[in-house]
Amino acid sequence: MSPTSSSPPAEPAADSPESPESPRRVAVASFIGNTIELYDFFIYGMAAALVLDDAFFPNLSPLNATLASFSTYAVAFLARPIGSIVFGHFGDRVGRKTVLVASLLLMGLSTALVGLLPGYATLGVWAPLLLVLLRFLQGIGIGGEWGGAVLLAVEHAPHGRRGMYAAFPQLGPPVGFAAATGVFWLVSATLDEAAFASWGWRIPFLLSFALVAVGLVVRLKISETPVFTRAVARQEASRAPMVELLRRHTRDLLLGAGAMAVVYALFYTSMTYSLSYATTTLGVPRDTMLALSLITCLFLAAGIWLAATRSDTAGRRRPALLGCGLAAVWGQLLFPLLDTGRPALMALGLGVAMLCVGVASGSMGAYLSELFPARVRYSGASLAYNLGGVLGGAVSPLVVPRLQPAFGSASVGWYVSAMAVVSLLCVRALPETRERELG
């Protein structure tokens, strides 16, 4: 017998696509997991814009029902920082991979249960209360998702290519949104109005049961990041990551949150509120708006990829500054284009808005990760990202639906532009991090 015949099979090299340590495999796994969680998150926004007001708030006036529906949407953004604190603590103490599995389960099951929740006609006041609870749990789950998914990619990536590898989980939002939009569009186009309002809207939520299973299979096959593994081996893991973060890195935390504010504000305004505004105020058919939303996801993905890959050579600040500047200008043009009611011009308005969101956020996966040392990185990146969600994603659903009826659509544009200026100033105050070592 030859020596080679009895030897165990060789392990795949760490940089081969078959290895659980392969940066490419980890990046793809981060993309798949983040896409599934963002699908879960975005279908709620679609439902809030289209049907939740009638199903759970039938006794309110149309305006108040819309406000109540979007308020439940905002609840998740208020919960996201809590999720960041909880999952960030364990992500910095136990590891990135384990925490991501827990966040996927919480997010997916909360979403699927919305599809099983009886409406107001069956449960009365308990129906909207339980809806708020499930949305809150969604927010907890998504609060721990982004930071872990990005860190898996960034901490496995070769130096000099962290921006590109971080782009993969960053592509989760446009692909997840496209999937949510596509499923709602298919259900809406297949069913009549009565069937869609009665039970059809539940189908996208129930699909989450299957998607959670897929996500678990993907995530359980990848390995812990080498950066975290080395930190544990050197006994450098923080005992109280959040306390250390707030004591030593408060400035970067707050500026990072401010930098993300316009991303959420413009995304919500363009992709969630505009859907409700166009179908109710402008009388644009629902299927038309869903088709336009699907198309504009391509602009978001293109902006993210261009900004993320460019940041590996130009630095993290330049793409973010460009995106914020473009958003400040386009905030003044978005609603004049929407108000035409012409699909081509509406697509232009929404598409360029999503391009601005993509350029502003594309480098943020690597940027927020590099701002913080390894011992508090999960907590810092997650909390900064999700505090930005409070500023832009929780406030906007409460402000924008009131601005437009009271002051006209131009006021919404001024709101978006103001948020863009705030984010631009925050990015200018942050240091460049492209050459930093991750630890």
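This is a predicted model: local features need pLDDT of at least 70, side-chain atom pairs count only at pLDDT 80 or more; totals for chains, interfaces and linings use all residues.
Residues are numbered from 1 along each chain as its sequence is written, and side-chain values use heavy atoms, with hydrogens and water left out.

**More on helix α21**
- Look for a kink of about 50 degrees at S396, shortly before the proline P397; the bend is the angle between axes fitted to the seven residues ending at a residue and the seven starting there.
- Because 22 of its 31 residues are buried, α21 is largely enclosed by the rest of the structure. Buried means under 20% relative accessible area, exposed over 50% and partly exposed in between, with a 1.4 Å probe and protein chains only.

**The largest pocket**
- The largest pocket holds about 240 Å³ of space.
- It is lined by 14 residues, and A49, L50, V51, T279 and T280 are the closest to its centre.
- Two or more lining residues come from each of α2 (23–50), α3 (52–56), α10 (193–198) and α15 (250–280).
- Sorted by class, the lining has six nonpolar, four polar and four charged residues.
- On a 1 Å grid over the protein atoms alone, a pocket is an open set of points with protein on both sides within 12 Å along at least five of seven lines, and lining residues have an atom within 4 Å of a point.

**Aromatic pairs**
- The count is 12 aromatic pairs, taking Phe, Tyr and Trp (six-membered) rings with centres within 6.5 Å; planes under 30 degrees apart are stacked, over 60 edge-to-face and the rest tilted.
- F168 and W305 pair edge-to-face, 5.7 Å centre to centre with 85 degrees between the planes.
- That pair links distant parts of the chain, 137 residues apart: F168 is in α8 (162–170) and W305 in α16 (286–314).
- F168 counts as partly exposed at 23% relative accessibility, and W305 likewise at 33%.
- F177 and F267 have ring centres 5.4 Å apart and planes at 85 degrees, so they are edge-to-face.
- F177 sits in α9 (172–190) and F267 in α15, 90 residues apart; F177 and F267 are both buried.
- Ring pairs join F42, F177 and F267 into a cluster.

Key: Helices (H or I, at least four residues) and strands (E, at least two) are DSSP runs, numbered from the N terminus. On a 1 Å grid over the protein atoms alone, a cavity is a set of points where a 1.4 Å probe fits but cannot get out, and a pocket is an open set with protein on both sides within 12 Å along at least five of seven lines; lining residues have an atom within 4 Å of a point. Grid points are joined across faces, edges and corners, and a volume is the space filled by probe spheres set on the points. Ala, Val, Leu, Ile, Met, Phe, Trp, Tyr, Cys and Pro count as nonpolar, Asp, Glu, Lys and Arg as charged, and the others, Gly among them, as polar.
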